[in-house]
Amino acid sequence: MPQKYGTSSMSETAPNTATQAQGQAQDNPLLIAWQTPHQTPPFDALKPEHFLPAFEQAFADHAAEVAAITHDPATPDFANTVTALERSGKLLNKVSAVFYDLVSAHSNPAILEIDKEVSLRMARHWNPIMMNAVLFGRIALLHENRADSKLTSEEMRLLERTYTRFHRSGAGLSEEAKKRMAEINERLAHLGTSFSHHLLGDEQDWVLELSEADCAGLSDSFVAAARAAAEERGIAGKAIMTLSRSFVEQFLKSSHRRDLREKVYKAFVARGDNGNANDNKEIIVEILALREESARLLGFPTFAAYRLEDSMAKTPEAVRGLLERVWKPARARALADRDELQALITAEGGNFALAPWDWRYYAEKLRQIRANFDDGAIKPYLALDHMIEAAFDCATRLFGITFTERKDIPVWHPDVRVWEVRDAGGEHKALFYGDYFARPSKRSGAWMTSLRDQQKLDGAIAPLIINVCNFAKGADGQPALLSPDDARTLFHEFGHGLHGMLSNVTYPSLSGTSVFTDFVELPSQLYEHWQERPEVLQRFARHYQTGEPLPEDLLQRFLAARKFNQGFATVEFVSSALLDLEFHTQPAAASRDVDAFEKAELAKIGMPAEIALRHRPTQFGHIFSGDHYASGYYSYMWSEVMDADAFGAFEEAGNIFDPATAKRLHDDIYSSGGSVDPEAAYVAFRGREPEPDALLRRRGLLDEPKAA
Ligand SMILES: [Zn+2]
């Protein structure tokens, strides 16, 4: 998603030179009012060639609006500055939302080519706005006098957020410092792109051809995927292993060939660290030095201090506190599990010590022995349509909203489905687009985004919310069946979707998911809890052929299996998060030798030798491909503390749909967007600060060892 007032990652001070595209306006569906139901984008009429002229027009409109605000002769006030900024850029938001939906969910070479051009133009457009000293002067004046301004609490929050965004972009710096900042941003953008390209390069350069004997232990669907991967690379008729994460993890879990597991594992953890042209170590050193310099220019001692000031955690110390609290029990559990895995190896007559490439394999064996459960057994009970119904039903019971499918809304692909969402009084609330199936035109992963955000600045605007997933279609006309992970993903993204659909704020830049990175996963991760509740599964997890409910013992085994191997998963995550924090709190000079730094930090925390970091530095795209998650990788766990603790409120009420608790959840969390401070929002909902014990319990890290 484009950022509304985000800092652009590239710097370009050239004045806006957008060309006018009026001549084509009446022929360009992006530039005329939409006559569709609920003014939804007319996807059936859109062509790639419509986008560049529409963007040119949108940039020009927005630049003119911002110039008018900047040079308004009237004394700055909230309405002529902050509200006026909120009103600006309507066309840009509209065109961007449609364009980025297509880039991610249904692209083609023409769209991707336009994307390259648009990202450069986007940077050129935003940079002079975010560094505009005169505009910032107006905002800073209002901010300084805010105590006497009689603003509502939402207006006050908007003023704070607007001021902070401009301030943190460097709008208040001296011209000289701004110039240096622009150079740094430009260099960082370049380095981040190189980092990703190197990583991709090392991944693309490596393949392992699998003979029949090499496939021992691999499932039929895995081998089919390995053949498809070979075909994609022009070696049809063979099967190959590549270094994509899901492929590697599946291989390490199921391949009977210890020698090949070692080979694959070693190649995977060496990505970006091979001493070849794709080596990322020098890039990391330069990135860390530049981040430190930019933080200092903005008045912070370290990049982490800069980054975390604008988060819920606020300080590096608070992040470290959480991670260390989780680290100790997770490590203890992992060490206990390690001993059990070793015992299993010995019992099988294996005469070797457990190595990192053995962990997933023996853990899976142990899981099958202990829980007697594999994902295949539950899939027939998790039909996609039933799980969509379950997600909707939980929302109806919690928040009173209802869903009716609409067939008359234009969509970007025939597989996309649309539902109209109405509130408890039957009033129109939102449209929800579900795009569930994998296809070559879609990037991997799952996400929520919007075509239009809720706001009521000039009359109520209902949101258009999207969920995109990559589930496999059912074969031969059979319904699509989900794995337990897929079902969880469906609820996760739907939780983000509710954050967008239930939003009830005045200003567009505070709408829905416009919240801190370490808060945004709360509504999504929290929603996952309902999916794994017996009350919900018993009703909706029905066999797709017989309609039989999920048998009780399978349900119990499924729930037990969820807690399995959580010591390992927590250790690989927390160690990466701690390393991210150390990279950005210690002086950049300390990590000049990246490998030595990594080793020393892992020794400090007592990293078990049999477990690897989830992301070693040279492949840690979250923190080095761009800066969104730099010293922010902890965010997932920060949100998880809250979601586990938040669900506790329903458990304490003795009803997972308790109306009073659900009302607070709606008012304080799902509908308030960025209009209140997230900590205050959480405390309003829960009556106190979150406690990490709920997270440890959910991951099974407070249980007696062996209880898994
Ligand atoms: Zn999420």
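**Notebook: a walk through the model**

**Entry 1: starting point.** I began with Lys328, which lies in helix 14. The helix numbers I use count from the N terminus; helices are DSSP runs of H or I with at least four residues, and strands are E runs with at least two. I noted that this is a predicted model, where local features need pLDDT of at least 70, side-chain atom pairs count only at pLDDT 80 or more, and totals for chains, interfaces and linings use all residues. Residues are numbered from 1 along each chain as its sequence is written, and side-chain values use heavy atoms, with hydrogens and water left out.

Is Lys328 buried or exposed? I found Lys328 exposed, at 60% relative accessibility. My cut-offs are these: buried is under 20% relative accessible area, exposed is over 50%, and partly exposed is in between, with a 1.4 Å probe and protein chains only. I then looked from Lys328 to Ala123. They are 205 residues apart along the chain, and their C-alpha atoms are separated by 43 Å.

**Entry 2: the zinc ion.** Which protein atoms hold the zinc ion? I listed His492 (NE2), His496 (NE2) and Glu521 (OE), lying 2.1 Å from the ion. Donors here are N, O and S atoms within 2.8 Å of the metal (3.2 Å for Na, K and Ca); water is not among the atoms, so sites may look incomplete.

**Entry 3: the cores.** I turned to the nonpolar cores. Such a core is a set of buried Ala, Val, Leu, Ile, Met, Phe, Trp, Tyr and Cys residues joined through side-chain atoms within 4.5 Å. The largest has 135 residues, and Phe494, Leu498, Tyr527 and Trp530 have the most contacts inside it. Leaving out residues up to four places away in sequence, Leu498 touches Ala395, Phe399, Ile401, Ser503, Tyr527 and Tyr670. A contact means heavy atoms within 4.5 Å. I found a second, separate core of 47 residues, which includes Leu85, Ala105, Val118 and Leu451. In soluble globular proteins, nonpolar side chains tend to be buried together.

**Entry 4: helix 17 against helix 19.** At what angle do the axes of helix 17 and helix 19 cross? I noted roughly 105 degrees for helix 17 (residues 384-399) and helix 19, with the axes coming within 10 Å. Axes are lines fitted to C-alpha atoms, for helices over the stretch in contact, and angles run from 0 to 180 degrees between N-to-C directions. Helix 17 and helix 19 are therefore roughly perpendicular. The scale is: under 35 degrees roughly parallel, over 145 roughly antiparallel, 65 to 115 roughly perpendicular, the rest oblique. From helix 17, the contact uses Met387, Ala391, Cys394, Ala395 and Leu398; from helix 19, Tyr527, Trp530 and Gln531. By class I noted seven nonpolar residues, one polar and no charged ones.

**Entry 5: helix 10.** Next I looked up helix 10 (residues 245-254). Its buried residues are Phe247, Val248, Phe251, Leu252 and Ser254. Among the parts covering them I found helix 9 (220-232), strand 2 (240-241), helix 11 (258-269) and helix 15 (356-371).

**Entry 6: two positive phi values.** Most residues other than glycine have a negative phi. I noted Gln39, whose phi is positive, near 45 degrees. Gln39 is in the loop between helix 1 (22-25) and helix 2 (51-70). Gln39 is partly exposed, at 46% relative accessible area. I noted Lys314 too, with a positive phi of about 75 degrees. Lys314 is in the loop between helix 13 (303-309) and helix 14 (316-347). Lys314 is partly exposed, at 39% relative accessibility.

**Entry 7: pairs across the sequence.** Where is Asp44? I placed Asp44 in the loop between helix 1 and helix 2. Asp44 is exposed at 66%. Asp44 and Trp412 are 368 residues apart in sequence, but 7.1 Å apart in space, C-alpha to C-alpha.

I placed Glu56 in helix 2. Glu56 is buried, at 16% relative accessible area. From Glu56 to Arg121 I noted 65 residues in sequence and 8.9 Å in space, C-alpha to C-alpha.

Ile129 is buried at 8%. Leaving out residues up to four places away in sequence, Ile129 touches His62, Val66, Leu135 and Phe166.

Key. Nonpolar A, V, L, I, M, F, W, Y, C, P; charged D, E, K, R; others polar.
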